[in-house]
Amino acid sequence: MEYYNYLKSLHLIFVITWFAGLFYIVRLFVYQIEAAAKPSPEKEILQKQYKLMTYRLWYIITWPSAILASFFAFWMLFYTDLGKAWLLMPWMHVKLGFVLLLYLYHGKCHQIYSQLQKDDIKHSANFMRLWNEGATIILFSVVFLVILKNAVNWIYGVMGIFLFSLMIMLGFKMYKRIRERNSS
């Protein structure tokens, strides 16, 4: 069991750093997109700095954390008796579905990262602010699911995070209106 706990600890550490990278990379995307609208030379200075920051964050923290979190999860699930037992539980199947969503989210962030590194802006800063909530929803869903392990209870938790997300989006829209009204 102690061996399993070491694996679980390492898995959790890398999950935390993976999410930290995902949260911060999207914030840097917002800054990069906003920098593109600045006048020269500020635009070029900021874009160069943000490209460097996103490169370092993406390839030194986020990608390695994703790989290591996945490696330790795989090891726990397939090479320990407790992990094999977890695989038989219905809540684990749902959790793995959320992990798949996280990989898809990560992949889309990589696509956006690649576009911005080439100065190809396809999304607005406001879109990125909302996009950042995707990782939050996945994180809350997985934590509720892993802690509660009960289908009914985790559904309430997930419904709560969706309502929370809806409140964030409404607050964001209100803030945007206030900001636009104050800038006129």
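**Entry 1: salt bridges.** I counted the salt bridges and got three. I note that the model is predicted.

I took arginine 129 and glutamate 34 to begin with. Their side chains meet in a salt bridge, N to O at 2.5 Å. This pair links distant parts of the chain, as arginine 129 sits in helix H5 and glutamate 34 in helix H1, 95 residues apart. Is arginine 129 buried or exposed? I found arginine 129 at 16% relative accessibility, so it counts as buried. Glutamate 34 has a relative accessible area of 32%, so I logged it as partly exposed.

Next I looked up aspartate 119. It forms a salt bridge with lysine 51, and the closest N and O atoms are 2.9 Å apart. Here too the pair links distant parts of the chain: lysine 51 belongs to helix H2, aspartate 119 to the loop between H4 and H5, and 68 residues separate them. Aspartate 119 comes out at 45% relative accessibility, so it is partly exposed.

Then I turned to lysine 122. Its partner in a salt bridge is aspartate 120, with the closest N and O atoms 3.8 Å apart. I have lysine 122 at 54% relative accessibility, which means exposed. Aspartate 120, at 32%, counts as partly exposed.

**Entry 2: cavities.** How many cavities of 30 Å³ or more does the whole structure hold? My search found two.

The largest cavity holds about 50 Å³ of space. I listed its lining as Gln32, Ile33, Gln47, Leu116, Asp119 and Ile121. By class, that lining has three nonpolar, two polar and one charged residues.

**Entry 3: the largest pocket.** I put its volume at about 780 Å³. It has 32 lining residues, and the closest to its centre are His11, Leu12, Lys95, Val142 and Val146. Which helices each supply at least two residues of the lining? I noted H1 (2-35), H2 (42-79), H3 (81-86), H4 (90-117) and H5 (125-148). The lining divides into 27 nonpolar, two polar and three charged residues.

Conventions: Residues numbered from 1 in each chain as written. Predicted model: local features only at pLDDT ≥ 70, side-chain atom pairs only at ≥ 80, totals over all residues. Heavy atoms only, no water. 1 Å grid on protein atoms, 1.4 Å probe; cavity = no way out; pocket = protein on both sides within 12 Å on 5 of 7 lines; lining within 4 Å. Points joined across faces, edges and corners; volume = space filled by probe spheres on them. Helix = DSSP H or I, 4+ residues; strand = E, 2+ residues; numbered from the N terminus. Nonpolar A, V, L, I, M, F, W, Y, C, P; charged D, E, K, R; others polar. Salt bridge = Lys/Arg side-chain N within 4 Å of Asp/Glu carboxyl O. Buried < 20%, exposed > 50% of the residue type's maximum accessible area, 1.4 Å probe, protein only.
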